[in-house]
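Student: Please give me a close look at a single part of this model. Keep it brisk, and state the cut-offs as you go.

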Amino acid sequence: MALRKRGGRWHYRFKVDGKRYAETTGLAATTRNKTKAQQVEAEHRQALLEGRNPSRRIQVREFDAAAKEFLEWAKMEYPAHPNSYQRIATSFASATEFFGREAVSLIDEGRLEAFKTWRVNKHKIRDVTLRHDLHAMSTFFRYAIKQRWTRENPVRNITIPSDAEAVRIHVISDDEEKYYFVRAAKNQDLHDLAQLILNQGMRPDEVLGLRREDIDLERGQLSIRNGKSPAARRTLDLTSESRRIFARRLEGNSPWIFRSKRNPGMRLTRLNGAHDKLCAKALEEGVSVRFVLYDFRHTFATRLAQAGIDLATIAAILGHNSIRIVQRYVHPTAEHKRDAMMRYDEILRVGREGNKAPEGRPN
């Protein structure tokens, strides 16, 4: 048997019937792993001698190394959807911390349930984040099967929070809105981002990804060119307030509407930290501000619906493919529903009065 160290891993090579075979064991080249690496080589050799297909055997791969390779693949797989890649990378930061050097092939349903418990108890994550984590893990295991690091996708056998459980929607009240923007005025980027989401119904990453050429102040329009679906790639008419914000942000020569101060020539990618600090400061002041930036988009959709805008139009503005998806954003208030029923009652009353038979003999 001929083991050798290459790139920090145990590799092996041997001949069977005059043909040379050389592969990696996927194991770190440590003394502790040497016996296991020899076993991998022996299994490969035995499979060939018995006429079995050695390509079907599982390669032992530690999770942290496998995750690194998987993320390189994911970055290549989603070039047009950088936010999808970023979501996976965020989930894998926690997954790598938890699974570490465990063999991918030994991660089963039990270990995933332990991972779920750890994420919820230690990091206090919501269902929507757990859902993202588990979908990222499922994508990883599908990739791992192709790489022969494992034979099964254990995510299929565990419970993932449903859309209804995972999507937490909060419609921002008038008082919350006033409080937020007074405090956000200290951070112009955060203030403008939240205001544009509320004015235009855009996703946070769509706003932050806007370039100079996407804004046409003369026509009063903006173009979203890199949406994640055909419906998401759309043109929106600007509100008067949005036009003022863009006119101010177009000053200077940066190609980005939201330019990074730390990395000249680059754009801002996230303002969640600034938002979280504002919410934490509010709690210190005894004010509960328990919503996320995305809730400005939910609020925009709800206000359009309450203004009588049809769902098909709302879906087009939001960049959704169907009305069904839009329905989760629309949350009429009790007052709005009461007004609707009063209007309907008036329609019924007028209709009944108009259908009354005239006095006198029937025709």
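Tutor: Start at I215: its bridge partner in β5 is L222. This is a predicted model, in which local features need pLDDT of at least 70, side-chain atom pairs count only at pLDDT 80 or more, and totals for chains, interfaces and linings use all residues. Residues are numbered from 1 along each chain as its sequence is written, and side-chain values use heavy atoms, with hydrogens and water left out.

Strand β4 (residues 215-216) and strand β5 (residues 221-224) run antiparallel, joined by 2 bridges. Strands count as paired if DSSP finds at least two bridges between them. The strands are DSSP runs of E with at least two residues; helices are runs of H or I with at least four; both are numbered from the N terminus. β4 and β5 make a hairpin, with 4 residues between them. In the turn, G220 has a positive phi of about 75°.

β5 also pairs with strand β6 (residues 234-237). That pairing is antiparallel too, over 4 bridges. Here S223 stands opposite T235 in β6.

Now the other strands. An open sheet of 3 strands has the order β1-β2-β3, with antiparallel pairing. β1 (2-6) and β3 (19-28) are at the edges with a single partner strand each, so one side of each has no neighbour in the sheet. Neighbouring strands of this sheet are turned by 30° against each other on average, direction ignored. Strand β2 (residues 9-16) pairs with β3 over 7 bridges. In β3, F14 has Y21 as its bridge partner. Helix α1 (residues 31-49) packs on the sheet and touches β1, β2 and β3. Contact means heavy atoms within 4.5 Å. The direction of α1 makes about 30° with that of β2. Axes are lines fitted to C-alpha atoms, for helices over the stretch in contact; angles run from 0 to 180 degrees between N-to-C directions.

The protein chain has 15 helices and 6 strands. Its radius of gyration is 29 Å, well over the 21 Å that the globule rule gives for 363 residues, so the chain is more spread out than a compact globule. That radius is taken over C-alpha atoms, and the rule is 2.2 Å times the number of residues to the power 0.38. Along its principal axes, the C-alpha trace spans about 110 × 65 × 45 Å.
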